[in-house]
Amino acid sequence: MNAQEILTRSLELLENGDARGWCDLFHPEGVLEFPYAPPGWPNRFEGREAIWQHMQKFPEHLTVKFGEVSFYPTADENLAIGEFHGDGTAIQSGGKLSQDYISVLHTDGEHIVLYRDFWNPVKHMEALGGAEAAAAIVRG
């Protein structure tokens, strides 16, 4: 799969609540980065298992549907720059999420080696019930 196909598949897996399948798209030494993470929140996870530890409870906290996916052309099939929109619901609070994303994926042709996810964390915090509730979820 090329990087665009992997990004598309990753969105499908998250929509279906398959956090394990999403993490399995990563190379064992892959990296997940959130450049706009709030202060005190982790912004980098190194290795598939560290990513799994962070994402494993995603389906318990949020349902999401993605749409309006568009890709910016690159000369490298192992690089995808995708822009998309997500609408979701926080399971515990019932809060609604409406979020625009830009994701940059670097792959080795089979797995994600770097996923850099740009999104507004304030929108997630609001949907999850505020900063304290969201921080508790992130801490696990």
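Modeller: Contact means heavy atoms within 4.5 Å. The model is predicted: local features need pLDDT of at least 70, side-chain atom pairs count only at pLDDT 80 or more, and totals for chains, interfaces and linings use all residues. Residues are numbered from 1 along each chain as its sequence is written, and side-chain values use heavy atoms, with hydrogens and water left out.

Colleague: What percentage of the chain do buried residues make up?

Modeller: Buried means under 20% relative accessible area, exposed over 50%, and partly exposed in between (1.4 Å probe, protein chains only). The chain has 140 residues, and the buried share is 42%.

Colleague: Which residues of helix α3 are buried?

Modeller: An α-helix has 3.6 residues a turn, so residues three or four places apart point the same way. Helix α3 covers residues 48-55. Its buried residues are Arg 48, Ile 51, Trp 52 and Met 55.

Colleague: Within what arc do the buried residues of α3 fall, seen down its axis?

Modeller: The arc uses the directions from the helix axis to the C-beta atoms. The buried residues of α3 line one face of the helix, because their arc is 105°.

Colleague: What do the buried residues of α3 pack against?

Modeller: They have helical and strand partners. The helices are α1 (3-15), α2 (19-24) and α4 (58-61). The strands are β1 (26-33) and β2 (44-46).

Colleague: In what order do the six strands form the open sheet?

Modeller: Two strands pair if DSSP finds at least two bridges between them. Here the pairing is mixed. The order is β2-β1-β6-β5-β4-β3.

Colleague: Which are the edge strands?

Modeller: An edge strand here pairs on one side only. That applies to β2 and to β3 (62-72).

Colleague: By how much are neighbouring strands of this sheet turned against each other on average?

Modeller: Axes are lines fitted to C-alpha atoms, for helices over the stretch in contact, and angles run from 0 to 180 degrees between N-to-C directions. For the strand average, direction is ignored. The value is 20°.

Colleague: What angle does the direction of α1 make with that of β3?

Modeller: Helix α1 packs on the sheet and touches β3, β4, β5 and β6 (112-118). Its direction relative to β3 is about 165°.

Colleague: What angle does the direction of α3 make with that of β1?

Modeller: Helix α3 also packs on the sheet, touching β1 and β2. Its direction relative to β1 is about 50°.

Colleague: How many bridges join β4 to β5?

Modeller: Strands β4 (79-90) and β5 (96-107) run antiparallel. Ile 81 faces Val 104 in β5, and Leu 79 has His 106 as its bridge partner. The bridge count is 11.

Colleague: Over how many bridges do β3 and β4 pair?

Modeller: A hairpin with six residues connects β3 to β4. Val 64 is opposite Gly 88 in β4. The antiparallel pairing spans nine bridges.

Colleague: Which residue in the turn of the β5 and β6 hairpin has a positive phi?

Modeller: Strands β5 and β6 pair antiparallel over six bridges, with Ile 102 opposite Phe 118 in β6. Four residues lie between the strands. The residue with a phi of about 95° is Gly 109.

Colleague: Which residue stands opposite Leu 32 in β6?

Modeller: Strands β1 and β6 run parallel and are joined by four bridges. Opposite Leu 32 is Tyr 115.

Colleague: Is Ala 37 buried, partly exposed or exposed?

Modeller: Ala 37 sits in the loop between β1 and β2. Not counting residues up to four places away in sequence, it touches Pro 42 and Asn 43. Its relative accessibility is 21%, so Ala 37 counts as partly exposed.

Colleague: What is the phi of Glu 68?

Modeller: Glu 68 lies in strand β3. At 68% relative accessibility, Glu 68 counts as exposed. Although it is not a glycine, its phi is positive, about 55°.

Definitions and conventions:
Helix = DSSP H or I, 4+ residues; strand = E, 2+ residues; numbered from the N terminus.
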